[in-house]
Amino acid sequence: MVRIENYIGGELVKPASGSYLDNFEPATGKVYSEIADSDDRDVNLAVEAAKAAFPSWSKTPPEERFELLNNLAGLIERDLEALAEAESVDNGKPVSLARSLDIPRSVANFKFYATGAMHTWNESHETVGKAINYTLRQPLGVVGCISPWNLPLYLFTWKIAPALAAGCTVVAKPSEVTPMTAYLLSKLCIEAGLPVGVLNIVHGTGPKVGSAIVAHRDIKAISFTGGTKTGEDIARTAAPMFKKLSLELGGKNPNIIFADCDYEEMLATTIRSSFSNQGEICLCGSRIFIERPMYEQFKGDFISRVRALKVGDPMDADTDVGAIVSKQHFEKIMSYIDLAREEGGTILTGGNSVAMDGRCADGWFIEPTVIDGLPFDCRTNQEEIFGPVVTLTPFDTEEEVLGYANSVRYGLSSTIWTENLSRAHRVAAAIESGIVWINCWLFRDLRTPFGGVKDSGLGREGGFEALKFFTEEKNVCVKI
Ligand code: NDP
């Protein structure tokens, strides 16, 4: 059985505790590998390695950082198929999705920030006749990157790549639920010749490893993606040390459909935005609001398309909906379906776990579930479920639907479907979310800022925002 070891000081090393945690394959419900059960001793070693590497890495010319990161991207690309299979086994997502989304995006993250390293600049301001002020943007030092289980390598590299490109050294922790591709990445870092200690990966649980990273005084910033509750805990620990924080947290995203939309495109995209990755994407539109004249038509067509989705073995090429990432998360989603029933909702389709045959007989599968008849302010419509569950709600006016959309504590993303240009811009401006898609979903231009408002987080990732996050500005004033 594969043992997932830490990557510290350029080597694969055992955890100080000598103990390992079980790693499950969601599609089979069986343990298939073991994860280093690390603790603060391993984090301390990783921080020492990262501190030792910082003086040299921060002074490495951007062209050399580019070469190394770009080579790493090339190695991920070379191993795309093996990494996609590993991601699918570890997470339960269809291998077709890992092949088309997760791993290509991990390649893109490294390529994007490899080139980004060569396109940074420092500003200067002339105080006329008196002084020249220039701003030196310097890498922060050792930084911590903590990522979740839903898009494992994709989100892990989305943090690591800009940190390294900016000249920081990194102590990173992937989710203990999906550590495999981060482990495979550590082997690729060794192959790529990444200098010792520049990137360190410590495996283990959030309470032991994640919190030790956040609490470590020598870690200058934390880039975190995960749940809002964990984000609160991190902020509480980090704030008194004045650490820089980037928090990408939960969502409960509205998908607003006006009757004048391009119906076929909206329908096809809404299937994806509801159920891609088993609904376990922070950007999925879990609350669907439909303008009343179109409600019954949409309901009928949507349900019949949802029923046609194939729930199956993630390894099968024709599977649309794979396994839920863990037993614990499976139970959480099922409890929300029970809650929806208690709150008076009607399960229009789905609502049950799926008993599979063969190798997946003990896996964790849930039918794509569509619910209507719930008030906008009930718990099912306010709390993040993060699974293949959506609700339908009719509306009559723009004002009404904006009230529904903005009623939640979250504000990550939203989708608007309309052919009315003025309305599209008006609603986009009024909606409380950091990201708005008009007549599309999940398009990401890596140059654009990404992040949420309200309880969906703090700060922006992507583009130069992430490079700036990992640097500190120093103003130098020169008398002339
Ligand atoms: P968690 O918050 O449970 O975990 C995220 C990461 O934090 C994991 O690596 C976890 O470790 C670690 N962690 C847990 N507790 C602590 C702690 N006290 N201190 C430091 N680190 C800790 O989130 P999930 O993994 O369950 O991911 C799902 C959540 O992520 C959803 O809410 C989703 O909306 C959100 N998300 C947000 C995105 C965004 O861009 N805004 C994108 C993707 C997901 P371990 O798993 O080992 O316990």
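I took helices (H or I, at least four residues) and strands (E, at least two) as DSSP runs, numbered from the N terminus. The model is predicted: local features need pLDDT of at least 70, side-chain atom pairs count only at pLDDT 80 or more, and totals for chains, interfaces and linings use all residues. Residues are numbered from 1 along each chain as its sequence is written, and side-chain values use heavy atoms, without hydrogens and water.

**Entry 1: the ligand shell.** I found 30 residues around the ligand, and the closest are Ser147, Thr230, Leu249, Cys282 and Glu384. Helix α7 gives the largest share of this shell, 3 residues.

**Entry 2: polar contacts.** I looked for pairs of N or O atoms within 3.5 Å. A polar backbone atom of glutamate 176 is 2.8 Å from an oxygen atom of the ligand. For glycine 227, a backbone N or O atom also lies 2.8 Å from a ligand oxygen atom, and for glycine 226 I noted 3.3 Å from a polar backbone atom to a ligand oxygen atom.

**Entry 3: the largest pocket.** I used a 1 Å grid over the protein atoms alone; a pocket is an open set of points where a 1.4 Å probe fits, with protein on both sides within 12 Å along at least five of seven lines, and lining residues have an atom within 4 Å of a point. I noted 45 lining residues for the largest pocket, with Trp149, Ser175, Val177, Gly227 and Thr230 nearest its centre. Helix α8 gives the largest share of this lining, 6 residues.

Note on methods: Near = heavy atom within 4 Å. Polar contact = N/O pair within 3.5 Å; in protein donor to acceptor, adjacent residues only side chain to side chain.
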